[in-house]
Amino acid sequence: MSKGQFEIINNEGMICYVNTDKKDSEFYGKVWSDICKSKLEGIVIDGIIDRYQYRTMNGEPVSDKPTGFIVKIQDKVEAFLPMSNAAWRNSEEDCIGTRIAIMVQDFDPMSRSIILKELRTAYSGFDIAKINTSLELIGNAYNEGKFIRGTILDEKTKNGSGCRAGYLVTINGLEAFLPSSLSHLPNDNIKHQIGRASCRERV
């Protein structure tokens, strides 16, 4: 298809043609183009958590436990991020207004519904281009059995035991976990390693 036009198959198997170049199209503009590319090509985009989403009955919440988040993409399009697809965060902290890295899991042009999944990042000021580059590097390393370079952020311990389970690592802003069993680092104090790009991970 020509640039700016996308073929999307919704969950019911219906083929939908989305034109993001035509000015009178309801999907005109870069935001819809990015949404389609994320769905079809696995491109990571960024969004802002706008509010919590709750299960409702007759317009009223039936629980005080949210089912997910409403995320705004480029401050124009709203999408749903289920809790099951969200990165772990402290439930007691208010995350409204947080910038996150997301991919489109499902997009139905007929209903305009968008379901997201979140990628955990090391910080909210991530560079989205670097996040996409990191994913490409990880994919290539996995396919070719190669190592990639990361920076240690912290160590993770096993629940209640105090034993080191592994390391929290950033790969150009993309957060990852390196198990101790797959690490070549010595099993001692790692404070001198935190923040240094000295860790190699095999994917």
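**Entry 1: Thr67**

I began with the contacts of Thr67, which touches Gln53, Tyr54, Arg55, Phe80, Pro82 and Met83, leaving out residues up to four places away in sequence. I count a contact where heavy atoms are within 4.5 Å. The model is predicted, so local features need pLDDT of at least 70 and side-chain atom pairs count only at pLDDT 80 or more, while totals for chains, interfaces and linings use all residues. Residues are numbered from 1 along each chain as its sequence is written, and side-chain values use heavy atoms, with hydrogens and water left out.

I placed Thr67 in the loop between strand 5 (60–61) and strand 6 (68–73). Helices (H or I, at least four residues) and strands (E, at least two) are DSSP runs, numbered from the N terminus. Thr67 counts as partly exposed because its relative accessibility is 24%. I use buried for under 20% relative accessible area, exposed for over 50%, and partly exposed for what is in between (1.4 Å probe, protein chains only).

**Entry 2: overall counts**

I counted two helices and 13 strands in the protein. Of its 203 residues, 36% are buried. Among contacts with a separation of 6 or more, 52% join residues 24 or more positions apart.

**Entry 3: Thr20 and helix 1**

I found Thr20 in the loop between strand 2 (15–19) and helix 1. Why does Thr20 count as buried? The reason is its relative accessibility, which is 3%. Its contacts, again without residues up to four places away in sequence, are Gly4, Phe6, Phe27, Tyr28, Gly29, Trp32 and Ser33. I also noted Gln5, which is 15 residues from Thr20 in sequence and 6.1 Å from it in space, C-alpha to C-alpha.

Helix 1 (residues 30–41) has twelve residues and reaches 15 Å from its first C-alpha to its last, close to the 16 Å expected at 1.5 Å a residue. The expected span is 1.5 Å times one less than the number of residues. I listed the buried residues of helix 1 as Val31, Trp32, Ser33, Asp34, Ile35, Cys36 and Ser38. Just after helix 1, Gly42 has a positive phi of about 75 degrees.

Strand 8 and strand 9 pair in the antiparallel sense over seven bridges. I call two strands paired if DSSP finds at least two bridges between them. Asp106 stands opposite Ile115 in strand 9. The hairpin of these strands has four residues between them, and there Arg112 takes a positive phi near 65 degrees.

I then looked at the largest pocket, which holds about 300 Å³ of space. Its lining has 17 residues, and those closest to its centre are Trp88, Arg89, Thr98, Arg120 and Thr121. Strand 8 (99–108) and strand 9 (113–119) are the elements that give two or more residues to this lining. On a 1 Å grid over the protein atoms alone, a pocket is an open set of points where a 1.4 Å probe fits, with protein on both sides within 12 Å along at least five of seven lines, and lining residues have an atom within 4 Å of a point. Grid points are joined across faces, edges and corners, and a volume is the space filled by probe spheres set on the points.

By class, the lining of the largest pocket has seven nonpolar, four polar and six charged residues. I took Ala, Val, Leu, Ile, Met, Phe, Trp, Tyr, Cys and Pro as nonpolar, Asp, Glu, Lys and Arg as charged, and the others, Gly among them, as polar.

**Entry 4: second largest pocket**

The second largest pocket has a volume of about 240 Å³. I counted 14 lining residues, with Pro66, Phe69, Met83, Arg89 and Ser91 nearest its centre. Nine of the lining residues are nonpolar, two polar and three charged.

**Entry 6**

Strand 11 (residues 164–171) and strand 12 (residues 174–179) pair in the antiparallel sense over six bridges. Gly166 has Pro179 in strand 12 as its bridge partner. The hairpin has two residues between the strands, and Asn172 takes a positive phi near 55 degrees there. Asn172 is partly exposed, because its relative accessibility is 41%.

Ser134, in helix 2 (residues 128–144), touches Ile171, Asn172 and Leu174, not counting residues up to four places away in sequence. Is Ser134 buried or exposed? Ser134 is buried, at a relative accessible area of 0%.

I looked up phi for Gln74 last. Most residues other than glycine have a negative phi. Gln74 is not a glycine, yet its phi is positive at about 55 degrees. Gln74 lies in the loop between strand 6 and strand 7 (77–82) and is partly exposed, with a relative accessible area of 34%.
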